[in-house]
Amino acid sequence: HHPTLQPLLDIYPPSLSSPNHIRHHRTSELFAQTMEEFEPLLPNVHVAFGRLVDKPGPNWLRMVCISDTHNKTDANNYHIPEADVLVHAGDFTKMGTTAQIDQFIDWLKSLTQIPIKIVVAGNHDVVLDKEFYEQHWHRFHTTKEDHQVAVDKLKAAGHGIIYLNNEGYIVNGAQLLHEKNQEQKNRSSSGIMTQHMDTTGGDAMDIDVSSTVDPREGWVEGYRIWASPWQPEFWEWAFNEVRGKLKDIWKHIPEDTDILMTHGPPKYHGDIVPHDKNLHVGCEELLERLKVVRPLYHVFGHIHEGYGVSKIEWDEEDRSTVCINASTCTVNYKPLNPPIIVDLPPK
Ligand code: 5GP
Ligand code: MN
Ligand code: MN
Ligand code: MN
């Protein structure tokens, strides 16, 4: 088995306490030592190491979850498998400089195996928090950078990169098709440009690639994603709010959200800090909102030690939320945790 999964087995103490109406599977149960033990517990959730199983069907959506990459990942040291959507739950930079955001965007652009990449910021991505940066930029940077320039870079990055800040996005089949075609066009037009440079003068041709991608029938509705960078205050970083005061942020999470992305965890899920008395530091009000919204998946990071998956089974029949702490970096900021893969049926 994969050595980096070892720490997961010790994350949750056996005395895990939680509200009565929530039934937990502990991370240690879900991240069993072998894939054979792991998969029956959550059949459509996989850890991306070794050989990945195929998607259950061609029209399924494969979502790759990562977080807290902190500019430590590149194509050589961190493998991202082929998928339809990548979600990144924040802390993509070391210290939130525009140059570090550029570096992150370049890495995302290199992931041509995934057409759509949805990104939310975290407390380290300081230049992206306008109010905070105006006041505190000197604590992080020697020269003040332009907040709007950094935001615009993320918003205009193209290549299927979608930056969300307390807002939603619907992934449907048409979008996937569009982005895949776009990527294909980028690839083939650059190929053609080199090929015909001397004869055509380098003009890229508009190639019809519509036949190269499956049409994804049945994808009318799409998956509704909503993402927020905010977390309870810890040492005055970006997108910090005083504990107990996050209710007004979470009330904006739409009730029909399928996939919730936040930088920080909800209370009791992937939120234990071993070096701080094993405290659950997740957001209590986020858990309260989770009880109402009950998304299919909640993807987050921030507490690197909490990497792993847990499942909330709501009292309602057949209703559950799978909580995914997708922190890529360990507590020592090493990019050792593999991406977590989710396969979603056509919607
Ligand atoms: P980051 O600085 O990347 O946001 O978080 C890195 C680490 O800081 C986490 O893995 C965790 O160890 C610690 N940390 C972050 N937020 C909190 C918090 O609210 N309480 C405590 N005790 N530790 C935290
Ligand atoms: Mn982090
Ligand atoms: Mn709901
Ligand atoms: Mn963080």
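**Reading the metal site, the sheet and the cavities**

Modeller: The model is predicted. Let us begin with one residue: E255 is exposed, with a relative accessible area of 54%, and the cut-off for that word is over 50%.

Biologist: Which ligand do E255 and V293 coordinate, and at what distances?

Modeller: E255 (O) and V293 (O) coordinate the manganese ion (ligand 3), at 2.2 to 2.4 Å. The pair links distant parts of the chain, 38 residues apart. E255 lies in the loop between α8 (247-250) and β11 (259-262), whereas V293 belongs to helix α9 (residues 284-293).

Biologist: Is V293 buried or exposed?

Modeller: V293 counts as buried because its relative accessible area is 3%, and buried means under 20%.

Biologist: How should I read a sheet?

Modeller: Strands of a sheet pair through backbone hydrogen bonds, either parallel or antiparallel. Here an open sheet of 6 strands runs in the order β2-β17-β3-β4-β5-β6, and its pairing is mixed.

Biologist: In what sense do β3 and β17 pair?

Modeller: Strand β3 (residues 61-66) and strand β17 (residues 340-344) pair in the antiparallel sense over 5 bridges. One bridge joins V64 to I341 in β17.

Biologist: How many cavities of 30 Å³ or more are found?

Modeller: A search of the whole structure finds 3. The largest cavity holds about 40 Å³ of space, and its lining comprises T69, N71, T73, F92, Q103, F104 and W107. Of these lining residues, 3 are nonpolar, 4 are polar and none is charged.

Notes. Residues numbered from 1 in each chain as written. Chains lettered and ligands numbered in written order. Predicted model: local features only at pLDDT ≥ 70, side-chain atom pairs only at ≥ 80, totals over all residues. Heavy atoms only, no water. 1 Å grid on protein atoms, 1.4 Å probe; cavity = no way out; pocket = protein on both sides within 12 Å on 5 of 7 lines; lining within 4 Å. Points joined across faces, edges and corners; volume = space filled by probe spheres on them. Nonpolar A, V, L, I, M, F, W, Y, C, P; charged D, E, K, R; others polar. Pairing = 2+ DSSP bridges. Helix = DSSP H or I, 4+ residues; strand = E, 2+ residues; numbered from the N terminus. Donors = N, O, S within 2.8 Å, 3.2 Å for Na, K, Ca; no water. Buried < 20%, exposed > 50% of the residue type's maximum accessible area, 1.4 Å probe, protein only.
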